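Please look over the sequence and the 3D structure below. A short briefing on the fold follows.

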Amino acid sequence: MNLKFSRFTLAVLILSLSFCTSCSNNDLIGEYDYTIPTRSETDSEPVAINKDSAKVYFAKILSKAVYERKDVRDFLKKEAMKEFDMNSDVLYALASNKMIFNQSFRDILVSYSSEDTIAAIEKSVPLLNILIPSFALFDITVSNLDCNDSEIPIALSNDKGMGLYLDGEFIMNIPNGELPDFHTIVVNENSRVIIEHPITRSSAPKVSFISPNYDKNRLKYKYKRSANRTAEQIGNKAIEAYKFFYKDDGSKESRAFQRDYIYYGLTPTNSKGNFNRSVTEYISFIEINPKAYYNMSDQRNEGTFDDPNIIKGSVSRKNMTFHLTN
């Protein structure tokens, strides 16, 4: 028996003390009927089950496979690091038929449940997704996930926070507003893609992206051919700016001043201009140091962070809006 406690094990021991006297498992994960009816011999379609029940069932099945099989942990890490949708997601529909040695990922999950169970889950949750999250605050990333550690819990959101499953069992709940300081594997639904036709055993599903900015392969191709983009794609104003500001040496012709031309018409020889209100800018996301974020958040909660541009959780300035995304 390995007596070495992982970070997750210690967290479970501490948090369980506060939960065991106040909540039951049903209070935390909700009342679900976990019994999936078996298809009759004449019924070719999988039975329909509640979507929330399906995700709970999948979390329990996956937690069993992850706990017992290192090759499954290796597989999920490898797939998550591909970031096919610009996030460390593993879309089940795309991954289910991929092979882990001599078995498909789906067949492994069936071995821990049943064909009817997996078929019912697939039917109920077409966008079923597996995410390996990163928390920079705790130096938790996909790349430093230790696949030798069998105690990596499966996390599933619920009304009270995040339920954790290990070796096929619900073990604890992390309350809303708290982040785990250990690695987890999250079961959720992918919000970045659309499945145009469902998965079959013989063919992969047709997947399209909600935004082209989520398509990693498209973005890689776009960047490779960016040097050959047309003036229409770039914008004449940006091309004109490059004619004035094209150097990378810190001089007054530096590229860093291109925006000054776009917004104010400034050039190396003209230091005055008027703000061009016809120019709009969209920032898709902002990355911020987690410690700085929590610092500002704490100050705001205490009433000392009174920036008028931060209202009800959104950050905005005149003529520019910042969107925080995951």
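This is a predicted model: local features need pLDDT of at least 70, side-chain atom pairs count only at pLDDT 80 or more; totals for chains, interfaces and linings use all residues.

Residues are numbered from 1 along each chain as its sequence is written, and side-chain values use heavy atoms, with hydrogens and water left out.

**Whole chain**

- The chain has 12 helices and 14 strands; these are DSSP runs (helices H or I, at least four residues; strands E, at least two), numbered from the N terminus.
- Of its 326 residues, 34% count as buried, meaning under 20% relative accessible area, with exposed over 50% and partly exposed in between (1.4 Å probe, protein chains only).
- Among contacts (heavy atoms within 4.5 Å) between residues at least 6 apart in sequence, 60% join residues at least 24 apart.

- Six strands form an open sheet in the order 1-4-8-5-6-7, with mixed pairing; two strands pair if DSSP finds at least two bridges between them.
- Strand 1 (89-91) and strand 7 (169-175) are the edge strands, each pairing on one side only.
- On average, neighbouring strands of this sheet are turned by 30 degrees against each other, direction ignored.
- Strand 4 (residues 128-131) and strand 8 (residues 185-189) run antiparallel and are joined by four bridges.
- Ile130 stands opposite Val187 in strand 8.

**Helix 3**

- Helix 3 packs on the sheet, where it touches strand 4, strand 5 (154-158), strand 6 (161-166), strand 7 and strand 8.
- The direction of helix 3 makes about 155 degrees with that of strand 8; axes are lines fitted to C-alpha atoms, for helices over the stretch in contact, and angles run from 0 to 180 degrees between N-to-C directions.
- Helix 3 (residues 51-68) has 18 residues and reaches 26 Å from its first C-alpha to its last, close to the 26 Å expected, which is 1.5 Å times one less than its number of residues.
- Its buried residues include Val56, Phe58, Ile61 and Leu62.
- At the N-terminal end, Asn50 caps helix 3, with a side-chain oxygen 2.8 Å from the backbone nitrogen of Asp52.

**Helix 7**

- Helix 7 (residues 115-124) is mostly covered, as eight of its 10 residues are buried.
- Among them are Asp116, Ile118, Ile121 and Glu122.
- The buried residues of helix 7 pack against helix 3, helix 5 (92-95), helix 6 (105-111) and strand 4.

Notes:
A polar contact is a pair of N or O atoms within 3.5 Å; within protein, one must be able to donate a hydrogen and the other to accept it, and residues adjacent in sequence count only if both atoms are side-chain atoms.
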